[in-house]
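Dear colleague,

Please find below the structure that I am handing over to you. My notes on what was found in it follow directly after.

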Amino acid sequence: MYDIKSFKAEEFISDEEILDTLAYADANKDNVDLIDEILNKARERKGLNHREASVLLACDMEDKIQEMYALAKQIKEDYYGNRIVMFAPLYLSNYCVNGCVYCPYHLKNKHIARKKLTQEEVAKEVIALQDMGHKRLAIEAGEDPVNNPIEYILECIDTIYSIKHKNGAIRRVNVNIAATTVENYRKLHDAGIGTYILFQETYNKKSYEELHPTGPKHDYAYHTEAMDRAMEGGIDDVGLGVLFGLELYRYEFAGLLMHAEHLEAVHGVGPHTISVPRLKRADDIDPDTFDNGIDDDTFAKICALIRISVPYTGMIISTRESQAVREKVLPLGVSQLSGASRTSVGGYAEPEAEDVTTEQFDVSDNRTLDEVVNWLIKMGHIPSFCTACYREGRTGDRFMTLCKNMQILNCCHPNALMTLKEYLEDYASPETKEIGSKLIEQELEKIPNPKVKATATEYIHNIADGKRDFRF
Ligand code: SAM
């Protein structure tokens, strides 16, 4: 039985409700009146529920799809402006006891090199990342209670925050590790993490169990209920995602929104971010052996519909996607991008030799951070290295309130400009510095509150004079 407020996975992600939703969407995919009604509701910025959004996903009328895209662009502009927050993943360890059939870190893979960073190696990685200009990381690790216990993860977080190299600093560490206990989530919260990210992989229980045949991750309920435990442990910024390519995308999309609705209904705050990874080629993984890959147009439609269904939730696109695909989906509501990512353990400080790989998957966007920043600026986006919200205690519903009140232009926008200024001063190539400085001048003019505008201008001058880390 579907129950949005239940704490049981099979009730808040009810298979029956998803199947009913898909049947309802199929029955209404050409129902222009209903589609217009749903689009009008979305125009009021009230978001859409999984049933409404699924009708739009099923609809293949070109003019209606263009309306969805236009609306996604408008909502992105209204709530997020032209900022794109930058981050990089940091792989700590690829030891793993699970049997995930799509991931090369699975236990039975005997030829992938296994590696776990020592604290000295973590420090080297962090210095390499700081030297590129990164301020925000997402740490990644396989699940292995012996090799990667929570104490190891906590120690790494401490090391990461402690490194202050030249003008560099990692100011926000997001964490993407396997589902764990309330007690461990509390420890992560106390260690000062930003978002706890956990991809559901698939919401379809039967497929989930087949795709995770062995190891602790096999337990669908434990995995699906992880975000409730994370919230119970005090983490109020959580990041959802499914791995597109494993199951039917329409099933996943409905499940993803039901999960977001459940978090909002039970905890009063929806997911902070949604990631949209697609399955990639990796060591012993061939994505062509999975039947449910989605093409770029479907991918773009999913991104646009996430934006209009959950307007206050950030959307993350990783370097699993190529420059071309990133360009296609950026205007449709993306708010965070990774840049210059390495998915190998220790890959930032020392690029891997050809014959020893610890990589999780092939990266499709291999540009440097400076190239990505330059490209964003040329397209009129503001690459932002801002981490202010969580450092000011604006997490969970407090961030959502800022977003809902459209205060982004008086707060996130100047913060983005100030952190871009830091990047330009410390790490940018001469060309990026030149075009970035012009962008900052133009964008300062857009700050509506005159006091905020004056202060931001002053801080930006201070940054040119060598001072760092200002924020609203
Ligand atoms: N091990 C952790 C867990 O159990 O959730 C998370 C860390 S893992 C490094 C991060 C994510 O990478 C996984 O949740 C999965 O969605 C994704 N991933 C695994 N194999 C992949 C592949 N072949 N292509 C693309 N993404 C993949």
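The protein has 20 helices and 9 strands; helices (H or I, at least four residues) and strands (E, at least two) are DSSP runs, numbered from the N terminus. Please note that this is a predicted model, in which local features need pLDDT of at least 70 and side-chain atom pairs count only at pLDDT 80 or more, while totals for chains, interfaces and linings use all residues. Residues are numbered from 1 along each chain as its sequence is written.

Overall dimensions

The C-alpha trace spans about 60 × 55 × 40 Å along its principal axes. Of the 472 residues, 52% are buried. A residue counts as buried if 20 or more other C-beta atoms lie within 10 Å of its own, as exposed if 12 or fewer do, and as partly exposed in between, with C-beta atoms placed from the backbone. Among contacts with a separation of 6 or more, 78% join residues 24 or more positions apart; two residues are in contact if their C-beta atoms, placed from the backbone, lie within 7 Å.

The ligand is surrounded by 21 residues, and the closest are C103, A178, F199, K280 and F361. Here a residue is near a molecule or strand if its C-beta atom, placed from the backbone, lies within 6 Å of it. By class, this shell holds 12 nonpolar, 3 polar and 6 charged residues, where Ala, Val, Leu, Ile, Met, Phe, Trp, Tyr, Cys and Pro count as nonpolar, Asp, Glu, Lys and Arg as charged, and the others, Gly among them, as polar.

I285 lies in the loop between β6 (273–275) and α13 (296–309). I285 is buried because 21 other C-beta atoms lie within 10 Å.

Helix α4 (residues 50–58) has 7 of its 9 residues buried, so it is largely enclosed by the rest of the structure. The buried residues are H50, E52, A53, S54, V55, L56 and L57. They pack against α2 (15–28), α3 (32–43), α5 (62–80), α12 (249–267) and α13.

In helix α7 (residues 150–162), the buried residues are I153, C156, I157 and I160. Seen down the axis of α7, they fall within an arc of 100°, so they line one face of the helix; the arc is that of the directions from the helix axis to the C-beta atoms. Their cover includes β1 (83–93), α6 (119–132), β2 (136–141) and β3 (172–176).

Backbone angles

Most residues other than glycine have a negative phi. K166, however, has a positive phi near 50°. K166 sits in the loop between α7 and β3 and is exposed, with 10 other C-beta atoms within 10 Å. D469 also has a positive phi, near 65°. D469 belongs to the segment after α20 (450–464) and is partly exposed, with 16 other C-beta atoms within 10 Å.

With kind regards
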